[in-house]
Amino acid sequence: MKKTLTKLLAYLGIATIVLTSCSEEKVGNNQLTGKEKEEGWVVLFDGKTTDGWHLYNKGKVPSAWIVQGDELYCKPDTFDIAHGDLISDKEFKNFDLKFEWKISEAGNSGVFFNVIEKDSLPTAWSSGPEYQLLENTHPDYAMNPVKRAGCLYGFAPQKNAVIPLPAGQWNRSEIKQVDGKVEFYLNDTLTAQQDLNSAEWKAMIANSNFKFFPEFGKSTKGHIALQDWSKGIAFRNIKIKEL
């Protein structure tokens, strides 16, 4: 009887594992599971085109941002086409944004949010705060803790220390914003929190070099922007859920 019960329990354990595995839907890069679709997630990069994106203040023009395999890649060594930050056609207010990024050695890039696009603002960063992306061997990594990956660039070091994966490996990042309250995550670790409506935030801007840009950090709605820099940066699995 004891042996029979043991075999039965073992069988049930195997069956549970099989059923659990079967219930976990597997999809390729830049695709959503059925559950994600039900929850309201949408992809911002389809893995094939740059549809839904354009260059900041330049519109839909040929640029250094190309689709390479299933990656959205900014090619640094191209000089015969336009360079610039790539921004979403759509604006977002309350959202949960997830993306994966892979950077070159000593690379430096970022993701801006609440970006205002107009001719009087020359760059995406003149209005939108930045989720910093930085490779570990970049000089800023050791010298300046407020410029490390996962930081609210230029304002605060990581809330919880986490070392990003090195050049050529995919990191996972997340930006959440609800009514101006922002959270950053790097590889599932909370790295930044800030209320963009607070007096504290206004004081932080006033004590930074961003004080020279009158519209920086004032909006809690805007475009998402991917930063073009002098080193290669790639993105995939960019998806967003409006909250």
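These legends describe close-up views of strands and hairpins in a predicted model. Local features need pLDDT of at least 70, side-chain atom pairs count only at pLDDT 80 or more, and totals for chains, interfaces and linings use all residues. Residues are numbered from 1 along each chain as its sequence is written, and side-chain values use heavy atoms, with hydrogens and water left out.

**View 1. An open sheet of 5 strands.** The strand order is E2-E5-E12-E7-E8, and the pairing is antiparallel. Strands (E, at least two residues) are DSSP runs, numbered from the N terminus. Two strands pair if DSSP finds at least two bridges between them. Strand E2 (53-55) and strand E8 (130-134) are the edges, each pairing on one side only. From one strand to the next, the twist averages 25°. Axes for such angles are lines fitted to C-alpha atoms, and angles run from 0 to 180 degrees between N-to-C directions.

**View 2. Strand E2 against strand E5.** E5 covers residues 86-92. The two strands run antiparallel, joined by 3 bridges. Leu 55 sits opposite Leu 86 of E5.

**View 3. The hairpin of E3 and E4.** Strand E3 (residues 65-68) pairs with strand E4 (residues 71-74) in the antiparallel sense, over 4 bridges. Gln 68 faces Glu 71 in E4. The hairpin has 2 residues between its strands. In the turn, Gly 69 has a positive phi of about 65°.

**View 4. The hairpin of E10 and E11.** Here 6 bridges link strand E10 (residues 181-186) to strand E11 (residues 189-195), again antiparallel. Tyr 185 has Leu 190 in E11 as its bridge partner. Between the strands lie 2 residues, and Asn 187 takes a positive phi near 50°.
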